[in-house]
Amino acid sequence: MIVYVETNFVLQLALRQEEADAADTILERAKQGIIKLVLPAFSLSEPYSTLTYRALERRAIYNSLMRQLALLSRSEPHQQTAAVLQQLLAMWRGLERREIDLLHSAITDMMSASRTIQTELGDIQRSANYRSLYDLSPQDGIILAAIVRDLDAQDQAEAKCFISTNIKDFGDPDIRAELKSFNCRYISKLADALGFIDSTGST
């Protein structure tokens, strides 16, 4: 069966979020050839934007705390607090590099066991329609357009699913119906996706 994933699957793997274990299992099934893991190439670049945005927020907090540290360090009664804050800031400063390293590792691991869908001109054009029809963001519109184009080229009889924890957008009933027309089920939880894979006899 074909399992489509997108940006949040990559982030689950990289940042060890709440469904990371299920993501690991799905990736391992792909490595074993039990399933075909597919993702839009756009989903490999979008996580960097997510981490960059988080890094900018953290830098603002870091700069603010550094100013507080400078003030605390000048006051004798606050020396112990300043020392603790200094240690915290040293760890805080290393978060950005650590997350980027984790993302690099996760993407490298994924690309060894998956097929990527390159973005084409038609995807950009179709995404504009999806933004209008489903009120999707430009990024989500491009991802959905690439997946639908790939679905159209697959064997209708083969079981497929699209996993995205972004149920607010991709859980739209009309999107589900469009995916279903290609024999593709939308699933919002990775654990449920594993159950679906099992139910198809893919294991």
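Me: How do I read buried, exposed and partly exposed here?

Reply: Buried means under 20% relative accessible area, exposed means over 50%, and partly exposed is in between, with a 1.4 Å probe and protein chains only. Arg16, at 43% relative accessibility, therefore counts as partly exposed.

Me: What kind of model is this, and how are residues numbered?

Reply: It is a predicted model in which local features need pLDDT of at least 70, side-chain atom pairs count only at pLDDT 80 or more, and totals for chains, interfaces and linings use all residues. Residues are numbered from 1 along each chain as its sequence is written, and side-chain values use heavy atoms, with hydrogens and water left out.

Me: Where is Arg16, and what is its phi?

Reply: Most residues other than glycine have a negative phi. Arg16 has a positive phi, near 55 degrees, and lies in the loop between helix H1 (7-15) and helix H2 (20-31).

Me: What is the phi of Asn183?

Reply: Asn183 is not a glycine, yet its phi is positive, at about 60 degrees. Asn183 sits in the loop between helix H9 (173-180) and strand S5 (184-187). Its relative accessibility is 33%, so Asn183 counts as partly exposed.

Me: Is Leu37 buried or exposed?

Reply: Leu37 has a relative accessible area of 3%, so it is buried. This residue lies in strand S2 (residues 36-40). Across the chain, buried residues make up 44% of the 203 residues.

Me: Which residues is Leu37 in contact with?

Reply: Contact means heavy atoms within 4.5 Å. Leaving aside neighbours within four places in sequence, the contacts of Leu37 include Val3, Val5, Phe9, Met110 and Arg115. For the chain, residues 24 or more positions apart account for 73% of the contacts with a separation of 6 or more.

Conventions: Helix = DSSP H or I, 4+ residues; strand = E, 2+ residues; numbered from the N terminus.
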